[in-house]
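Let's walk through this structure together, one part at a time. Please have a look at it before reading on.

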Amino acid sequence: MLKKRFQKYLFLFSLTVFIFAYGRNETKPNFSFGIIADVQYCECVPEGTRFYSNSLNKLAESIMNFNARDMSFVIQLGDLIDRDMDSYESVLSIFNQIKKPKFHVLGNHDYNVDEKKKERVPKEIGLVSKYYEFGSNGWRMIVLDGNDLSFYTPKESTDRIEETNRLFQRIKDRGAINAHAWNGG
């Protein structure tokens, strides 16, 4: 059931990207762009089928592919690392080889670092703001931070922590399948 639902959402996402890139009544795309998601790199022991240190090779291969194509930009959709702040140095040295404009969205694994270092995460990957916009070929892209209300970002205020707890309890009480501590609000 969950796999089927995931496939449905993946199809809807793919359809949205297709419509977005082609625009209305167009026969050729207005532009194309690359997407990287869930690199989840760390220099750590494999767990089950997760071989975290292999991510660097896969990322390098993707970047070679992107650099060989005519793309307007590349966006990384979160979870660049799996854990450990030191992982950013290794993965960014490869990610920054992209020869196109590049953008980031933060994921929950990006904050899977020591509590004292969490506030440094956005700056570590070059973000001035976790919410921002950029343009490409007359289109405006808006990047939102789905981690604002979460259990893993820096604990900025008591109000933010209470709001996160209320949101989580509300979706948990509804029996929502996304009622997991790793999801953001």
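The paragraphs below go from the strands to a helix and then to the core.

This is a predicted model, in which local features need pLDDT of at least 70 and side-chain atom pairs count only at pLDDT 80 or more, while totals for chains, interfaces and linings use all residues. Residues are numbered from 1 along each chain as its sequence is written, and side-chain values use heavy atoms, without hydrogens and water.

Start with the open sheet, where three strands sit in the order β1-β2-β3 with parallel pairing. Strands here are DSSP runs of E with at least two residues, and helices are runs of H or I with at least four, numbered from the N terminus; two strands pair if DSSP finds at least two bridges between them. β1 (33-36) and β3 (102-104) each have a single partner strand, so one side of each lacks a neighbour in the sheet. Between β1 and β2 (residues 73-76) there are four bridges, and Gly34 faces Val74 in β2.

Elsewhere, β4 (residues 132-136) and β5 (residues 139-143) run antiparallel, joined by five bridges. Ser136 stands opposite Trp139. Two residues lie between these strands in their hairpin, where Asn137 has a positive phi near 50°.

Now for the core, a set of buried (under 20% relative accessible area, 1.4 Å probe, protein chains only) Ala, Val, Leu, Ile, Met, Phe, Trp, Tyr and Cys residues joined through side-chain atoms within 4.5 Å. The largest such core has 35 residues, with Ile36, Leu59, Phe73, Tyr88, Val91 and Phe134 making the most contacts inside it. Helix α3 gives the largest share, five residues.

Terms used:
Buried < 20%, exposed > 50% of the residue type's maximum accessible area, 1.4 Å probe, protein only.
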